[in-house]
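Dear colleague,

Please find below the structure that I am handing over to you. My notes on what was found in it follow directly after it.

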Amino acid sequence: MRSVCKLLAGRVAISLLVLAGVSVLVFAIARIIPGDPARIALGPNATAEQVRKLREQLHLDEPVWIQYGFFVRDLAKGDLGVSLYTNRPVTTDIAQFLPATLELILVAGIFMIGIGLPLGILSARYRGRAVDHVIRIASLLGVSAPSFVWAVILMLLFAFFLPLFPIAGRISTDYEIARATGFLLVDSLLAANFAAFGNALWHIVLPAFALALSGIGQAARLTRANMIETYEKPFIEMARSYGFPEKRIARRYAFRPSLIPSLTILGLDFAAMLGNAFLVEAIFAWPGLSRYGVTVILRKDLNAIVGTVLIISAAFLIANLVVDLLIAFLNPRIRYGQESK
Amino acid sequence: MMTSILKASMAGMALAALATAASAGGTLRLDEVAVGGPDPAKAADYSDSSLIFNVYDTLILPRQGGPGHVPHLAESWEGEGTSFTFNLRPDVSFHSGNPLTADDVVFSFERTVGLGQGLSYLFGLVDSVEAIDADTVRFNLAQPNAPFVASLVRLPIVDKKLVMENLGDGEGDMKDWGQAFLSANGAGTGAYIVKSHNPQEETVMLRNDNYFLGVPEKAPDTVRLRYGLEAATVRTLIAQGEHDISSQWLPPEVKKALADDGMQLLTESGTGAFYFKMNTTRAPLDDVHCRMALSNVFDYGSVLKLIAITDTVSGGSPSTGAIPVGMFGANPADEVLVRDIEAAKAHLAACRYDPAEFTVEISWIAEVPLEERLALLMQANLAEIGVNSTIQKVPWALFTEMVSKPENTPNLSQIFVTAVTGDPDTLLYGMYHSTSAGTWQSPEYLNDAEVDSLLDAGRTGASESDRQEAYAALNARLMDLTASIYGFDRQSVFAASPRVSVPALSDPAMAFGLDGMGFAFRLMEIE
């Protein structure tokens with residue numbers, strides 16, 4: 001337990017350092033990319049005087065390091081500034097849009113793990129047989145096209161030609177669910193409105209599946225490769241020689257050690273979905289943070305850009321932290337290695 | 001428990017699938033680019049203007065089907081020169097129930113100018129606004145300004161009492177001028193009331209049953225203005241009967257496909273044009289003969305084919321000169337510009353630069369894919385007279401910075417410009433007056449005393465005939481100077497479901513002649 005705490009403390013410290021580095025980098029990049037934020041915010045018809053006033057108000061006429069000083073001072077108070085696009089505090093925007101994206105990627109993550117890992121196990125167990133070939137081809141298809149292509153294909157197949165799923169949005173307009181957590185699936189359950197829960201679930205299936213498809217393929221391929229490698233280890237041969245059933249060997253002896261490298265990659269995939277979700281969100285009109293991130297980048301909304309990137313970076317770091325802890329839990333050598341130091 | 005939830009969820013999913021197509025009712029669903037917030041003092045582009053025109057009212061409105069303006073919140077007005085007095089209707093209430101008074105007009109003006117955003121620059125010549133009594137308000141101008149009355153279509157009247165009750169943090173008496181409140185709420189008298197606003201998703205508006213002009217029964221009960229939908233999504237939604245009107249930004253191929261599927265195409269025109277703007281400060285286009293060579297070689301006929309959506313509907317109409325057809329000073333609609341290769345060659349021969357020794361840069365705005373095709377057309381046209389050219393893709397944000405210095409401004413910049421009030425002053429002054437040079441509208445860097453003087457004459461003209469005369473002379477002068485190539489007069493095209501009827505976007509006699517106002521939901525009918 002002490003070793004895990006030590007591992008956690010080390011990782012948290014490193015994560016905070018990374019986050020500070022990201023904030024400096026994003027702050028600088030956002031100001032270097034072409035385009036005057038004040039001009040963009042005020043629109044093409046604004047006069048030079050209007051632009052000058054807004055630049056002054058936003059401290060854009062000060063050197064970058066002084067601007068960063070203002071940013072850090074406000075951040076310490078939990079204030080990320082006001083978005084020039086929505087005219088609201090960036091923290092309000094993030095609080096409104098983040099749950100929609102998190103809900104989407106959590107469901108996509110469930111698809112990724114719930115479908116990808118079993119497919120990989122099946123493929124490894126029936127290596128070289130028809131099932132293996134079918135899964136390998138399907139996995140390859142999954143990883144070879146980006147999520148937004150799958151989004152369009154799935155929309156065409158299952159919303160246009162075969163109208164089984166809705167095209168856009170998080171829930172039908174007939175339902176009004178009081179916002180408690182921002183996660184519609186959770187809020188509808190809290191309101192005991194199961195029809196709304198079903199409706200929200202119905203809306204999330206296609207976008208989450210489109211987002212998860214490449215991850216499913218990746219998970220299946222990695223799990224298969226790792227399990228095949230594990231199957232060749234002497235302890236598997238020993239288990240077989242004891243006469244253990246194949247199911248038990250696959251589940252207890254082959255899968256667990258094979259999971260460690262897959263878990264590392266899946267953890268990264270999971271966090272990367274937060275950034276990659278924007279095209280899927282755009283296609284399914286999903287009002288999430290990734291789409292907001294792209295909108296504010298195009299409008300050079302400095303406060304919102306920095307806020308969004310920091311949140312996505314934090315999510316990335318948290319996902320890595322969780323994966324590190326899971327690996328430490330699964331692999332005693334890492335736990336004990338940490339302790340022996 | 002889990003089994004019950006699962007069963008209920010599955011039932012919910014099934015019911016939802018069945019209900020989708022039938023749930024439209026009196027709801028109008030349309031899309032636009034994202035609108036940050038419905039604050040009337042910040043509205044400047046097409047999407048937020050069309051939203052504001054429905055939630056707020058203005059003292060006057062553009063006359064439908066013709067030039068001029070008609071009273072709206074004002075019962076009547078009088079004045080000329082530097083003083084204009086408006087008598088307000090006595091029967092108007094805001095959505096909050098507060099009655100409209102002259103104080104609200106004064107407050108709306110002060111808020112617009114105080115925030116200094118959106119189209120506030122239109123009121124730069126207004127010295128003061130005073131409430132004479134509860135129903136009378138007077139605008140005092142610093143100098144005569146003929147476009148002033150037209151600019152009032154861009155002064156939405158805000159509920160002062162409601163805004164003052166909802167001031168947010170800020171400095172001074174007016175704190176934030178109610179910006180935080182108005183970024184998510186409405187405070188107008190309009191035919192529709194903001195129910196909710198999510199800048200990433202949609203604004204939902206409900207019919208205002210207490211609207212002072214009444215809202216016809218067939219007008220939509222609810223309007224859902226959706227934001228940032230992808231072309232593929234809009235195409236699928238309209239085809240499935242889940243969307244009613246597309247934005248004008250839908251690619252022409254998609255609009256054509258929808259028209260082929262039986263959808264109608266709606267149009268709005270008359271306030272803007274497409275230009276190739278020539279940088280008159282850099283070689284070789286600092287020579288008028290070189291500019292005229294380019295203007296004559298451009299294929300005005302082919303560009304119309306490029307922007308055509310169907311055989312009868314197009315993204316523009318033929319240009320007749322520097323001023324779009326329908327505005328003061330425009331040439332007649334049948335005097336269209338045509339290509340003249342021989343004249344182009346003659347002008348090129350008279351140009352002091354050798355075409356073998358220069359290359360013309362043609363820029364196009366990265367966010368407007370159509371402009372790439374137009375750049376390629378221009379490049380092919382130039383090649384026909386032996387002029388080399390390069391094509392530059394420039395993001396909008398970068399373009400606005402590039403054009404701030406003449407040495408960084410491309411030889412040819414492609415731009416769509418629209419008159420924000422429908423008056424030619426708001427189209428031409430910003431493009432061609434020497435004091436306006438160096439903005440996205442004026443990459444020509446034109447500096448001509450006669451043009452300046454004619455623009456000032458158009459701005460201060462005492463009567464419509466004076467203004468007509470000034471703008472006609474300006475049109476001729478601009479054609480002589482050839483600082484721009486006038487590609488076509490712009491027309492916005494929208495794909496719409498047959499279940500909606502939009503006279504202001506389909507019948508020229510009902511059109512407002514102001515971008516975005518055709519989307520007055522109260523004038524629409526929905527099945």
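In chain B, helix α9(B) passes α11(B) in a left-handed crossing, a term used if the near helix is turned anticlockwise from the far one by less than a right angle, whereas clockwise would be right-handed. Helices here are DSSP runs (H or I, at least four residues), strands are E runs of at least two, and both are numbered from the N terminus. Please note that the model is predicted: local features need pLDDT of at least 70, side-chain atom pairs count only at pLDDT 80 or more, and totals for chains, interfaces and linings use all residues. Residues are numbered from 1 along each chain as its sequence is written, while chains are lettered from A and ligands numbered from 1 in the order in which they are written.

**The helix pair in chain B**

Two packed helices are described by the angle between their axes and the distance between the axes. For α9(B) and α11(B) (residues 341-350), the angle is about 165° and the axes are 8 Å apart. The pair is therefore roughly antiparallel. Axes are lines fitted to C-alpha atoms, for helices over the stretch in contact, and angles run from 0 to 180 degrees between N-to-C directions. Angles over 145 degrees count as roughly antiparallel, under 35 as roughly parallel, 65 to 115 as roughly perpendicular and the rest as oblique.

Residues are in contact if their C-beta atoms, placed from the backbone, lie within 7 Å. On α9(B) the contributors include B:His289, B:Met292 and B:Val297, and on α11(B) they include B:Ile341, B:His347 and B:Leu348. By class, this contact has 9 nonpolar, 3 polar and no charged residues. Ala, Val, Leu, Ile, Met, Phe, Trp, Tyr, Cys and Pro count as nonpolar, Asp, Glu, Lys and Arg as charged, and the others, Gly among them, as polar.

**Domains**

Domain bounds come from an automatic or database domain assignment. Chain B has domain 1 (25-55 + 179-267 + 493-526), domain 2 (60-161) and domain 3 (269-491). The centres of domains 2 and 3 of chain B, taken over C-alpha atoms, are 34 Å apart. Their contact takes 11 residues from domain 2 and 10 residues from domain 3. Chain A has domain 1 (2-76) and domain 2 (92-298), with 33 Å between their centres over C-alpha atoms.

**Where the chains meet**

The contact between the chains takes 48 residues from chain B and 45 residues from chain A. On the side of chain B, the largest share, 11 residues, comes from α1(B). That side divides into 23 nonpolar, 18 polar and 7 charged residues.

**Backbone details**

Most residues other than glycine have a negative phi, and most peptide bonds are trans. The bond from B:Ala283 to B:Pro284, however, is cis, with omega near 0°. B:Pro284 is found in the loop between β11 (264-278) and α9 (288-297) of chain B.

Phi is positive at A:His59, near 65°, and at B:Thr482, near 45°. Are these two residues buried, partly exposed or exposed? A:His59 counts as partly exposed because it has 13 C-beta neighbours inside 10 Å, whereas B:Thr482, with 23, counts as buried. A residue is buried if 20 or more other C-beta atoms lie within 10 Å of its own, exposed if 12 or fewer, and partly exposed in between, with C-beta atoms placed from the backbone.

Yours sincerely

Methods
Two residues are in contact if their C-beta atoms, placed from the backbone, lie within 7 Å.
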